[in-house]
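I am keeping short notes on what I looked up here.

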Amino acid sequence: MALTRRLLPFDYAVLNLARRPARTLLTGLSATLVALLLVATAAFVRGLERSYAATAESDTAILLSVASQKDVVRSAVPLAVADTVAADVKGIARVDGVAAVSPEIHMATYVQLGADAPRFAAFVRGVTERAYLVHPKVTVLRGALPRDDEVLVGRLAAAKLGVDAARLEVGATLFFEGAAWRVSGVFSAPGTTFDSEIWAPLHPLKGRVKRDDVSAVFVRLGSDLGFSELELFARRRLDLELLAMTSTSYYRDLAAYFDPIRHLAWAMAVLIGLAALLSGANTLNAAVQERGRELATLRALGYPARALVWALGQESLVLTAAGGLVGLALARLLVNGGSVRLAMSAFTLEVDPACVLVGFTGVLFLGAAGIIPAALRAVRQPVALALKQE
């Protein structure tokens, strides 16, 4: 009870915020922007990591050429490898007697939405019907599977191209590799990189790009020994020069390629946070200087230094918490559900509890750290000298 009487009431801290409305508003806006930035950064990093993690399938393996250095776009594998694997390798999953082995072409190309329209960078995957046995996350939302002159587009393909989604709806026409392709359907594979791809029938695409081979062979495994058998096949067939990888390890390596981008995003967020911290600390320091006589009077009345520090902390935390909550609300409105284009893929931003925790904790930390210079000034200034301040 004695300790409670020696602390300043909470009303004191709140009422002090109304003394300089303009300054309070600017400081609160700073906290709002920092919270919004931290949430957006966390959503970006988590979305990037999640897209590659979700694309990886624990029961899937990939056969690449040794010379590709684990780059599926640069890889070249004979088309006949798919049938050989389906016939000779044990432990492969089968659906209604059909081996889940998918020969695929992966290629970066330029797509036009009209014969004379601008070109957009896109990622095209050439597949057969067996691809849907290997990649079960892919679900057709609208339309049907493509025929020879048609393509299936991911639900984020429009975001990847940077165009309105209506321009890639069923019935639209795309131009790439010297041919016109009708959109037969739209598919979804939530949280994966598939969502931003364009899928074309393998054999017509092979003809257009003048390839006799494929980029890789994806294999869905039906038993724990499946990968061992596939790896043994790759090692024995020296003439094919194949490299067997699990889907998990392949996409983990691919995600590591974007580590510099993730680090840069966090570095920018930290730098902006530090700028906001210095600005808030300067504002609080100026407020303490203006109220020097008032704070000295409180100390002369018997309030200990910790009471002043506690009151300053309440001011800062109340203001930054309010600004942070507004920032979280804006993030929910502006960031959640948005999409980001990156290299040959796109992914959706999601403001999940982890992002909210990062944003709110970060802004509260800045609010708490910002009071240190002001608190030191308030408790170190001699009472007698401060009482003479005008």
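I am working from a predicted model. I sorted the lining of the largest pocket by residue class and got 13 nonpolar, five polar and six charged residues. The space in this pocket comes to about 530 Å³. I then looked at which of its 24 lining residues sit closest to the centre, and found Tyr 52, Val 73, Phe 123, Tyr 250 and Leu 254. Helix H9 (247-256) and strands S5 (101-112) and S6 (119-127) each supply at least two lining residues. H9 gives the most, with four.

I listed the buried residues of H8 (226-236): Gly 226, Phe 227, Leu 230, Phe 233 and Ala 234. Viewed down the helix axis they fall within an arc of 120°, so they line one face. The face turned away from that side carries the exposed Arg 235 and Arg 236. Among the elements covering the buried residues I noted strand S1 (60-65) and helix H4 (80-88).

I found 17 in the structure. Arg 46 pairs with Asp 352, with the closest N and O atoms 2.9 Å apart. Arg 46 is in helix H3 and Asp 352 in the loop between strand S16 and helix H13, so the pair ties together parts 306 residues apart in sequence. I checked accessibility: Arg 46 is partly exposed at 33%, while Asp 352 is buried at 7%. Both belong to a network of salt bridges that also links Arg 50 and Glu 350.

Methods: Residues are numbered from 1 along each chain as its sequence is written. This is a predicted model: local features need pLDDT of at least 70, side-chain atom pairs count only at pLDDT 80 or more; totals for chains, interfaces and linings use all residues. Side-chain values use heavy atoms; hydrogens and water are left out. Buried means under 20% relative accessible area, exposed over 50%, partly exposed in between (1.4 Å probe, protein chains only). The arc is that of the directions from the helix axis to the C-beta atoms. Contact means heavy atoms within 4.5 Å. On a 1 Å grid over the protein atoms alone, a cavity is a set of points where a 1.4 Å probe fits but cannot get out, and a pocket is an open set with protein on both sides within 12 Å along at least five of seven lines; lining residues have an atom within 4 Å of a point. Grid points are joined across faces, edges and corners, and a volume is the space filled by probe spheres set on the points. Ala, Val, Leu, Ile, Met, Phe, Trp, Tyr, Cys and Pro count as nonpolar, Asp, Glu, Lys and Arg as charged, and the others, Gly among them, as polar. A salt bridge is a side-chain nitrogen of Lys or Arg within 4 Å of a carboxyl oxygen of Asp or Glu.
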